[in-house]
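This briefing is meant to be read alongside the sequence and the coordinates.

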Amino acid sequence: MAPKDLWWLLGILLGLWLIWVWAGGPAKSREVSGGPFLHFDETPAPAPVVVPRSVPPRRDVVGYGEAELPAELISPWQGQVTVSTGNASSEYQANQEYIELSASGSNQAPINISGWQLANRPNWRRFYPSIVPIPFATQLYITPDLPVRDPIVLAPGGRAVVVTGRPPLVGLYRVAHSFRVNQCSGYLNERDYGFVPSLSSICPRVGTAAELNLLDEDCYDFVRSAPSCRVPEFERRGDIDYVDNYASPSPNCRQFIQARFNYPDCLARHSGDPDFWTDDWRIFLGQPGEMWGKSRETIALYDRDGKLVDQLNY
């Protein structure tokens, strides 16, 4: 090929390349063919956090002192429900990390907080949940299969322990939802359950005077001295049956202990008592990881209209 022809061919190729680039080049090729000529694996960017529409942009709250917060961002419930840190400044396990919400004893009426939202301070903690709604609950916990549709209502002076993670999933009674604490709830602490903080260990006494009078002397002493809210352990050591450390209980005694020292029997006998319910709730947000930092943190509580109820900085 003559040199003149070679230069002419190169000129044509250069012109075609310029036209291709002007028409969109690699980007256009990707649209048409579904990908570039040379394909490299590209990791997609993380999806943006979707802030619930009912919550105002966080810049409207963080950065203001309480005295200078715009009035339109302040909830009518402010001063009626307050936040405290619980163990949030020291705990890192989601299933044990908790804060507390408290209703003022001077409130004139109960307050429904289901649908309110909790938010932490936006910072470098990329994998922490940002804004989390307060769920509904099962007011009377019986089994994990009950529908979760009861609003969480704080009575005047009431309190809610809000755990970042999930309920304990082991033990005699599998707790799966948020619930209201009652006089029998201490049985849910049983053995490996590990509620943090622990539920009250004061439950109604087992047995009426008439029932206890039917027991033999050793069984009577055992029942009267048995710890409250605790299911005794039955085991056989060698040839001897034990209930805890009580050896050789009579068949009648064994039957009475098995039937009466448990959560379902406590509910059946005491759920109608005037003092059965407490004003405390256990709320589980169901988050997989720690929500509250050890320092330089903000805990903000919003009502259903996205207005600030309370804010705690530590």
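At 68% relative accessibility, Leu214 counts as exposed, because the threshold for that class is over 50%. This leucine sits in the loop that runs between H3 and H4, and its C-alpha lies 9.5 Å from that of Cys253, a residue 39 places away in sequence. The model described here is predicted, and its mean pLDDT is 81.

**The five-stranded sheet**

- Five strands make up an open sheet of mixed pairing, and their order across the sheet is E1-E2-E7-E12-E8.
- The edges of this sheet are taken by strand E1, which spans residues 81–84, and by E8, each of which pairs on one side only.
- On average, and with direction ignored, neighbouring strands of the sheet are turned by 25 degrees against each other.
- E7 and E12 are paired in the parallel sense over 5 bridges, and within this part of the sheet Val162 has Ile283 of E12 as its bridge partner.
- E8 and strand E12, the latter covering residues 277–284, pair in the antiparallel sense over 3 bridges; Asn182 is partnered there by Trp277 of E12, and Phe179 by Arg282 of E12.

**The four-stranded sheet**

- A further open sheet consists of 4 strands in the order E5-E4-E13-E14, with antiparallel pairing.
- Strand E5 (131–133) and strand E14 (308–313) each have a single partner strand, so one side of each is left without a neighbour in the sheet.
- Neighbouring strands of this sheet are turned against each other by 15 degrees on average, again with direction ignored.
- E13 and E14 run antiparallel and are joined by 5 bridges, with Leu301 standing opposite Asp310 of E14.

**The nonpolar cores**

- The largest nonpolar core holds 34 residues, and the members that touch the most others are Phe179, Tyr187, Leu188, Val223 and Tyr263.
- Both strands and helices contribute to this core: strand E7 (159–163), strand E8 (179–182), helix H4 (217–225), helix H5 (251–260) and helix H6 (263–270) each supply at least two of its residues.
- Beyond its neighbours within four places in sequence, Phe179 is in contact with a set of residues that includes Ala137, Thr138, Gln139, Tyr141, Ser185, Leu188, Phe195, Leu199, Trp281 and Phe284, and Arg282, its bridge partner in E12, belongs to that set as well.

**Helix H6**

- The buried residues of H6 are Tyr263, Asp265, Cys266, Leu267 and His270, and they pack against E8 and H5.
- The N-terminal end of H6 is capped by Asn262, one of whose side-chain oxygens lies 2.8 Å from the backbone nitrogen of Asp265.

**Backbone details in the loops**

- Most residues other than glycine have a negative phi, and most peptide bonds are trans.
- The peptide bond from Val196 to Pro197 is cis, with omega near -10 degrees, and Pro197 is placed in the loop between E8 and helix H3 (209–212).
- Cys229 has a positive phi, near 60 degrees, although it is not a glycine; this residue lies in the loop between H4 and strand E9 (234–237).
- With a relative accessible area of 6%, Cys229 is buried, because the limit for that class is under 20%.
- Arg296, likewise a residue other than glycine, has a positive phi near 50 degrees, and its place is in the loop between E12 and strand E13 (298–302).
- At a relative accessible area of 69%, Arg296 is exposed.

**Confidence**

- Of the residues in the protein, 73% reach a pLDDT of 70 or more.
- Over residues 26–60 pLDDT stays under 50, and for this stretch the model has 35 contacts beyond four places in sequence.
- Where pLDDT is low, the predicted coordinates should not be read in detail.

Note on methods. Residues are numbered from 1 along each chain as its sequence is written. This is a predicted model: local features need pLDDT of at least 70, side-chain atom pairs count only at pLDDT 80 or more; totals for chains, interfaces and linings use all residues. Side-chain values use heavy atoms; hydrogens and water are left out. A nonpolar core is a set of buried Ala, Val, Leu, Ile, Met, Phe, Trp, Tyr and Cys residues joined through side-chain atoms within 4.5 Å. Buried means under 20% relative accessible area, exposed over 50%, partly exposed in between (1.4 Å probe, protein chains only). Contact means heavy atoms within 4.5 Å. pLDDT is the predictor's confidence in each residue, from 0 to 100. A polar contact is a pair of N or O atoms within 3.5 Å; within protein, one must be able to donate a hydrogen and the other to accept it, and residues adjacent in sequence count only if both atoms are side-chain atoms. Two strands pair if DSSP finds at least two bridges between them. Axes are lines fitted to C-alpha atoms, for helices over the stretch in contact, and angles run from 0 to 180 degrees between N-to-C directions.
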